[in-house]
Amino acid sequence: MAAITMRNIVKKYGDGFPAVNDVSLDIADGEFVILVGPSGCGKSTLLRMIVGLEDITSGDMLIGDERVNDKQPRDRNLAMVFQNYALYPHLTVFENIAFPLRLSGKHSDEEIRKLVTEAADTLELGEHLDRKPANLSGGQRQRVAMGRAIVRNADAFLFDEPLSNLDAKLRGQMRTEILRLQRRLGVTTVYVTHDQTEAMTLGDRVAVLKKGMLQQVASPRELYDQPVNLFVAGFIGSPPMNFVPARVNGNEIELPFVTVPLRDEWRGAVEDGELYIAGIRPGAFEDAEFVDTDKASRGVTFDVEIDVTEWLGNEQYAFVPFEATPEISAQLAELANELDSEQLRHQLCVELDPLSRVRSGDKATLWLDAERLHLFDPHSGDNLTRVVPERSREERGPESGGRHAATTG
């Protein structure tokens, strides 16, 4: 096992565009780190630079204490699991798993059989060792690819969207298997995905990338509760965070549908009369009928007309349209080039109690937990009301907004 250290990593292709732009990240020995972001953000390119399949334009890549920029992939002792499994169709499961051991030429047949059998037992593949990949299910093929990785006793595992080709149910099962395997082996693991469910359920820490730049590195809970900017706030969470225009007016924050008190600790971060973007998770809303008296004192209530509801059994969501004032709408139009059009919609997504009988077209009274509001700068996108947990300060040092906020993790 080994730590992985990236220092100011840059990858430019022929046109000079940086696919990865000045990324610095420390991955501790035995840590499970997720690289997540939209398509084209540079996460797979970064993974391929770790393993040596892509050249590094500038910066330093260290595995353990050794700089590996000029080392060939075979000399880095890393194991990679690909999205398409990359199995040899003419070989049995046994021979697919044994392939890297035979290629190294360092093991006897007896040692190979012992190592392959141990890996197969770990992955519950013992009864399939004589079968060919074509006769296996998608989940079994993925386990064979994982067996080929773990049999090598590598310093780190690298996963490049390994579950993308599986159906939803099987993805859930394989997530659990991958996490259990990593915990059992304690091997440093870097996992690339665009699926935030995988990111939030698997990683010790998650690194969020956008256009080749690292936005934030934190635990899944911290990413969800304290996103560093608008992009992270909108990317992490399903359903995504609601973004609505907000104006500070004295001791209050005026939203299009209700006014909430301005928290004392926010006064130094915002200016009176200025326009901001308020971020509100769907779970910050509730049907007022289900809010107890003690909890109600922390928030505010307001009346709405429900447009559409989605009942999913154990959870329910309602969509509520709203309108900004003409003045605020004009200001938002001026910011169109700075704000993602998908970030500002004229409707709220609200999480309701699954027992709520509110349905499409109904009038309802909603409650908003005013303490779960975020305020973002509409120009820079920075979260002005973000609170950095004390644990993060102690373990990872001070953080500030933007891509340098978490470059050292």
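**Entry 1: the whole chain**

I began with contacts (heavy atoms within 4.5 Å): among those in the chain between residues at least 6 apart in sequence, 71% join residues at least 24 apart. I am working on a predicted model, where local features need pLDDT of at least 70 and side-chain atom pairs count only at pLDDT 80 or more, while totals for chains, interfaces and linings use all residues. Residues are numbered from 1 along each chain as its sequence is written, and side-chain values use heavy atoms, with hydrogens and water left out.

I then looked up the secondary structure and found 11 helices and 21 strands. Both are DSSP runs numbered from the N terminus: helices are H or I with at least four residues, strands are E with at least two. The C-alpha atoms fill a box of roughly 75 × 45 × 40 Å along the principal axes. Of the 409 residues, 51% are buried; buried means under 20% relative accessible area, exposed over 50%, and partly exposed in between, with a 1.4 Å probe and protein chains only.

**Entry 2: strand β7**

Next I checked the partners of β7; strands pair if DSSP finds at least two bridges between them. Strand β6 (residues 78-81) pairs with β7 in the parallel sense over four bridges, and Ala79 stands opposite Phe157. Strand β8 (residues 188-193) also runs parallel to β7, joined by five bridges, with Ala156 opposite Thr188. From β7 the chain crosses through helix α5 (residues 168-185) to β8, and this β-α-β crossover is right-handed. That means that, with the strands pointing away from the viewer, the path from the first strand over the helix to the second runs clockwise.

**Entry 3: aromatic rings**

I counted 10 aromatic pairs. The rule takes rings of Phe, Tyr and Trp (its six-membered ring) with centres within 6.5 Å; planes under 30 degrees apart are stacked, over 60 edge-to-face, and the rest tilted.

Phe32 and Tyr191 make a tilted pair, at 6.1 Å centre to centre and 45 degrees between the planes. Phe32 is in strand β3 (residues 32-36) and Tyr191 in β8, so the pair links parts of the chain 159 residues apart. Both Phe32 and Tyr191 are buried.

My other pair was Phe257 and Phe322: the centres are 5.8 Å apart and the planes at 65 degrees, so this one is edge-to-face. Phe257 lies in the loop between β12 and β13 and Phe322 in the loop between β18 and α10, so the pair ties together parts 65 residues apart in sequence. Both Phe257 and Phe322 are buried.

**Entry 4: the cores**

A nonpolar core here is a set of buried Ala, Val, Leu, Ile, Met, Phe, Trp, Tyr and Cys residues joined through side-chain atoms within 4.5 Å. Which residues touch the most other members of the largest one? Ile34, Val116, Met146, Tyr191 and Val208 do, out of 48 residues. Ile34 has Tyr191, Leu202 and Val206 among its contacts. A second, separate core of 33 residues includes Ile253, Ile280, Leu352 and Leu368.

**Entry 5: one lysine**

I finished at Lys11, in strand β1 (residues 4-12). Is Lys11 buried or exposed? Lys11 is buried, with a relative accessible area of 9%, and its contacts include Glu54 and Asp55.

Note on methods: Lists of a residue's contacts leave out its neighbours within four places in sequence.
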